[in-house]
Amino acid sequence: MINVFFNILIFPGLIFLSIFGLGAEYFDRKLCAKLQNRVGPPWFQPLADFIKLLAKENVIPNQADPTVFTLMPVLAFTATLTAFFYIPLWQTKALSSFNGDLIVVLYLLTIPTLTFFLGGWYARSVFSMIGAARSIIQLFAYEIPLFLAILAPAMMAGTLSLSEMTVFYGSHPWLVLLNLVDFVIALVALLGKLEKTPFDIPEAETEIVAGCLTEYSGRLLAFFRIAIDMEMVVGSSLLAAVFLPFGFNFGFAIGFILYLVKVLFVVALLSLARTIVARLRIDQMINFCWKIVAPAAFLMLVVDLVVKGLISR
Amino acid sequence: MSEEDNIKQQLIEKFAFLSDKIIVKRARRIFAEVPLANFPEVFDYAVKQLKFSILSALTGLDEGATLGFIYHIAQEKGIVLNLHTSAPKDNLVIKTVTKYFPAADAYERELVDLLGAKVEGLPPGNRYPLTDNWPAGQYPLRKDWNVEMLDKKEVNKNG
Amino acid sequence: MDRYDFKIPIGPQHPALKEPESFLLTMHGEKISSMTVRLGYNHRGIEKACELQTYIQDMYLIERVCGICSHSHATCFIQAVEEIAGLQVPKRALYIRTLVAELERVHSHLLWLGVAGHEIGFDTLLMYSWRDREVVMDILAMLTGNRVNYSVNTIGGVRRDITAEHIPQILKAIDTLEERTKYYIQIATEETTIIKRLSGVGMLSYDDGVHLGAVGPTARASGIDRDVRRDDPYASYEDVKFAVITDKHCDVYGRAVVRVLELMESYKIIRQILANLPDGPIAVKAPRKIPAGEALSRYEAPRGEDVHYVKANGTDKPERVKVRAPTLANVQVVAHMLKDRYLADMPIVIAAIDPCFSCTDRLISVTDAGKGTKNTMTWPQLHSYSIEWHRKSGIDFSELNKKFKVPGN
């Protein structure tokens with residue numbers, strides 16, 4: 001029983017994920033700064049930001065719905081944390097797994113976006129309402145490609161359990177190469193999910209201030225911020241588990257370091273993407289996702305089906 | 001004959017009353033004094049016939065008993081015609097030039113706010129550049145205005 | 001306006017605007033159906049203040065109309081004063097003015113490039129172009145002593161001369177900048193997301209541009225071939241060869257292209273100036289009292305045509321100073337360009353005219369009528385407040401002031 005609490009609260013649960021989230025944010029910001037020829041923040045900056053926000057006053061706008069407004073950051077926080085437990089990290093077995101946990105993880109990762117929408121919508125300010133509308137429009141654009149891109153490797157492995165998928169790819173390492181296109185698609189979708197440039201449309205600061213989060217302040221904003229950091233780690237861990245499924249059999253120490261490297265690699269790809277492109281407009285983003293990314297994901301699904309048929313014959 | 005003198009000649013031919021009112025100060029700078037009553041036709045002729053198609057600026061001046069208005073209009077080739085007209089302070093009505101130059105809107109609002117001119121035909125819109133609660137009858141660019149006039153009023157208003 | 005329409009206030013405080021102005025947008029979904037502009041949040045009473053001070057004081061005041069194009073305003077004003085006084089400014093002084101003017105254009109256009117990048121969410125461009133802008137800022141600091149508000153002009157000439165050591169340093173900096181600018185031209189023409197965000201946005205046709213009176217790069221990107229430097233030459237622009245860049249795109253992309261290509265022209269001008277710099281004095285003595293008269297001076301600021309009208313009445317103070325900053329001419333254009341466009345295009349369309357609202361709003365008194373007396377500080381109060389503030393942080397000039405008998409202490 002104590003073991004379970006330890007796992008949930010400390011390692012690899014709440015505390016570890018929070019610290020890793022802040023660390024990943026630092027890594028992202030520092031790398032971005034280096035790519036942009038800047039100095040970048042010191043290592044404790046994300047933590048300092050978090051503590052500073054905790055100390056600030058909570059302001060809830062008069063016209064906002066206080067229940068929804070305060071509930072949403074907590075919901076975003078818990079949903080990302082829960083999703084983390086089903087992802088295999090340094091061994092083929094996740095903290096908890098069952099056949100179908102892949103679907104659960106994907107749905108849990110949708111919840112933060114929904115909380116942005118609800119929180120922004122119920123803040124009842126023009127900027128946050130536009131941000132909310134944009135984030136939900138964007139959700140429909142990237143969610144389908146993301147599901148398809150992760151479903152294709154799962155179908156290849158013949159299972160909907162993330163842990164069993166890593167076992168399958170452990171024994172068929174060459175099939176990973178087939179998933180490279182899906183990896184790129186999933187990265188693009190993850191950029192949309194994390195609302196990073198070029199898909200930071202819902203929080204485009206030069207247009208709508210901070211989008212959904214415009215009215216948030218203090219502790220609530222701190223929770224949202226750390227939930228976004230955690231979402232980045234969980235999303236990257238998911239991509240690492242599905243598309244980089246190697247190095248699970250070297251024991252804890254090496255496996256753990258490998259896990260960190262894999263996640264930071266995915267984060268690095270994300271920050272690279274946001275330094276080399278400009279923000280798209282919402283209509284351009286929808287067009288891009290539905291006309292290029294989604295068809296590509298469909299095509300890969302068909303390719304995987306054919307290859308699977310050939311292998312099993 | 002230089003282009004500037006040519007323009008001067010054309011203006012005098014068309015409007016005899018301008019015969020001793022036009023001075024070419026230097027290359028590309030013509031200054032003309034136009035009576036308020038004749039101003040619209042001279043302006044129309046300069047813009048449409050003489051191709052002064054750029055409104056560079058519109059200056060308002062406090063000249064004691066009258067307010068002066070200088071329309072600085074320019075040709076593509078760089079010649080600037082400065083048409084000066086003036087209106088008495090007890091009847092400060094000038095006609096808008098926004099139908100020739102939509103950008104004159106802001107310049108004319110400046111005249112309204114800062115010098116107290118009345119511009120006939122100015123489309124409705126926000127005032128510029130003063131604040132919405134600026135006290136009425138205070139025209140900062142008039143020579144008899146100074147900051148103290150405003151301060152006293154503000155002090156009184158705010159107790 | 002139907003029931004699905006709503007209004008968004010952009011400004012007076014908004015991340016897209018670096019200065020306080022208010023744009024009230026009526027939105028239909030993501031589309032802007034109409035817009036009203038409210039200017040005037042930045043008025044400082046400069047035109048009135050100019051009438052109360054001497055010409056030489058006015059020059060420094062006029063310089064502070066705008067931080068970015070300070071040399072533009074100062075030169076434009078000083079040209080009008082010199083014309084009234086009938087001063088023959090030495091050629092070397094005119095060359096130095098032109099040099100500083102072009103360096104200022106380089107710094108302003110690089111600044112714009114960065115701001116434009118930021119507005120479309122491309123912060124890397126912002127970081128890069130502002131880093132390169134430091135090169136030209138350093139050169140300006142070397143030549144004039146200041147990074148902005150150079151104060152290099154004086155009535156009758158310039159205050160500082162260029163020495164022989166300066167020239168190779170400037171040339172070296174220009175070489176660096178030219179190479180970097182070529183890189184930006186390459187980015188602007190090849191990077192897909194930039195082209196996607198900029199082309200077709202903020203359309204302004206040739207006819208509309210002429211009708212609404214667009215100026216500067218905004219006009220030139222719509223094919224309007226106007227440049228005061230060529231049409232109404234001042235300083236030493238008659239002696240240098242340069243092309244007036246125009247573009248037929250008529251959109252924000254065209255405005256970006258015009259500005260980066262203008263950078264290349266500026267480098268050309270700077271090289272010609274340095275190669276042909278004449279010898280001689282840098283200033284003539286100017287009278288304290290300027291004879292009665294009037295003059296209109298035009299100047300091609302980085303943002304467009306700047307116009308100053310000065311009327312002198314024979315004393316040491318001007319009768320009237322009128323400033324028409326380029327942004328005021330372009331504000332109408334913005335309202336036209338934004339109609340039926342997306343909200344997402346709003347920041348870049350506004351930024352594309354390179355707005356400078358502190359230039360646009362320059363008049364009116366130091367008291368803010370909206371806030372009442374509580375927040376109003378008189379000049380002596382402000383003066384003593386600043387001295388007190390510095391004393392707290394350990395800087396105390398009071399002893400020194402006693403020695404030099406500075407008034408107000």
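The legends below describe close-up views of a predicted model.

Local features in this predicted model require pLDDT of at least 70 and side-chain atom pairs count only at pLDDT 80 or more, whereas totals for chains, interfaces and linings use all residues. Residues are numbered from 1 along each chain as its sequence is written, chains are lettered from A and ligands numbered from 1 in the order in which they are written, and side-chain values use heavy atoms, with hydrogens and water left out.

**View 1. Interface of chain A and chain C.**
Chain A contributes 24 residues and chain C 32 residues to the contact (heavy atoms within 4.5 Å). Together the two chains bury about 2,400 Å², with 58% of this area on carbon and sulfur atoms (buried area being the accessible area, 1.4 Å probe, that two parts lose on being put together, summed over both). A:Thr206, A:Glu207 and A:Arg281 provide 25% of the area that chain A buries against chain C, more than any other three residues.

**View 2. Helices α1 and α2 of chain A.**
The axes of α1 (residues 2–10) and α2 (residues 14–35) of chain A come within 3 Å and cross at roughly 20° (axes are lines fitted to C-alpha atoms, for helices over the stretch in contact, with angles from 0 to 180 degrees between N-to-C directions). The two helices, α1(A) and α2(A), are therefore roughly parallel to each other (angles under 35 degrees). A:Ile8, A:Leu9 and A:Ile10 of α1(A) meet A:Leu14, A:Ile15 and A:Phe16 of α2(A).

**View 3. Interface of chain C and chain B.**
In this contact, 44 residues of chain C face 53 residues of chain B, and the two chains bury about 4,100 Å², 52% of it on carbon and sulfur atoms. The interface holds 7 salt bridges; one of them joins B:Arg28 to C:Asp232, with the closest N and O atoms 2.5 Å apart.

Conventions:
Helix = DSSP H or I, 4+ residues; strand = E, 2+ residues; numbered from the N terminus. Parallel < 35°, antiparallel > 145°, perpendicular 65-115°, else oblique. Salt bridge = Lys/Arg side-chain N within 4 Å of Asp/Glu carboxyl O.
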